[in-house]
Amino acid sequence: MTVPLVLDASATRWSGRGPDAPLLVLLHGYGADENDLFGLVRYLPSDIAVASVAAPLTPPWPMPGRSWYPIEGLNGRSSSDVTAAAQAVLDWLDAEAPDASRVALLGFSQGAAVSLQALRLAPERFGAVVALSGYATPGALDGDAALRERKPAVFWGRGSHDDVIPAALIAHTAQWLPDHSELSGRVYPGLTHSISEDELDDVHVFLTKWRDRPEDSPV
């Protein structure tokens with residue numbers, strides 16, 4: 001029997017935590033940790049709670065930081081491993097933010113893939129997802145039909161010069177996301193596997209709309 005992944009709640013970094021504030025959960029990329037995306041807080045809309053969580057795995061030495069799932073070469077990404085990581089995020093939410101009525105996810109690279117997978121596992125849990133330099137995992141999940149009906153808001157941002165995510169996964173995501181979400185986003189000319197200030201400006205607009213919209217209305 002596979003042991004479920006568990007996030008270390010003591011490693012989570014919080015900002016603006018409040019009982020009534022919308023909650024944005026940050027999921028970092030491969031080799032980073034909970035401190036990495038926490039620096040984005042100053043670029044995000046005010047009046048939201050932010051939780052930057054630590055991935056559950058340690059990459060092979062000498063890679064520093066944490067990882068959401070193993071990568072065996074650039075093309076070695078297991079859908080089941082992404083699903084296990086996404087379930088760990090849902091379990092963390094159940095334990096650490098059970099009363100959060102409005103939740104969004106923002107992930108970078110691996111964190112983006114896990115964010116989209118968590119949305120697929122529990123479409124009713126999330127009002128929006130920001131996926132930066134990431135992809136949607138191939139293969140069907142039980143929540144996909146409900147997701148297609150709900151079409152939650154997703155922002156997908158990536159760089160034109162990002163050579164980390166395989167082209168086949170980018171092509172799959174470009175086909176899959178419009179069918180399962182209310183998609184917005186942008187390809188940023190010259191950007192590599194990273195986040196730019198222009199992209200953060202767009203994310204700020206997207207998340208402000210999520211923060212301000214009435215419940216159950218589209219972004």
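This is a predicted model: local features need pLDDT of at least 70, side-chain atom pairs count only at pLDDT 80 or more; totals for chains, interfaces and linings use all residues.
Asp 162 sits in a loop. The loop runs between strand S6 (153-159) and helix H4 (167-180). Asp 162 is buried, yet the residue forms no salt bridge. The nearest side chain of opposite charge belongs to Arg 158, at 7.3 Å. Asp 162 has polar partners instead. Its side chain makes a polar contact of 2.8 Å with the side chain of His 193. The side chain of Asp 162 also reaches the backbone nitrogen of Val 164, at 2.9 Å.

Helix H4 contains Thr 173. Thr 173 has a relative accessible area of 0%. Buried means under 20%, so Thr 173 counts as buried. A polar atom of the Thr 173 side chain lies 2.9 Å from the backbone nitrogen of Ala 136.

The second largest pocket has a volume of about 150 Å³. Its lining comprises eight nonpolar, one polar and three charged residues. Trp 14, Arg 17, Gly 18, Pro 19, Ala 21 and Leu 23 are among the lining residues. The lining also includes Ala 49. Glu 96, Ala 97, Pro 98, Asp 99 and Ala 100 line the pocket as well.

Note on methods
Residues are numbered from 1 along each chain as its sequence is written. Side-chain values use heavy atoms; hydrogens and water are left out. On a 1 Å grid over the protein atoms alone, a cavity is a set of points where a 1.4 Å probe fits but cannot get out, and a pocket is an open set with protein on both sides within 12 Å along at least five of seven lines; lining residues have an atom within 4 Å of a point. Grid points are joined across faces, edges and corners, and a volume is the space filled by probe spheres set on the points. Ala, Val, Leu, Ile, Met, Phe, Trp, Tyr, Cys and Pro count as nonpolar, Asp, Glu, Lys and Arg as charged, and the others, Gly among them, as polar. Helices (H or I, at least four residues) and strands (E, at least two) are DSSP runs, numbered from the N terminus. Buried means under 20% relative accessible area, exposed over 50%, partly exposed in between (1.4 Å probe, protein chains only). Lys and Arg count as positive and Asp and Glu as negative; His and the chain ends are not counted. A salt bridge is a side-chain nitrogen of Lys or Arg within 4 Å of a carboxyl oxygen of Asp or Glu. A polar contact is a pair of N or O atoms within 3.5 Å; within protein, one must be able to donate a hydrogen and the other to accept it, and residues adjacent in sequence count only if both atoms are side-chain atoms.
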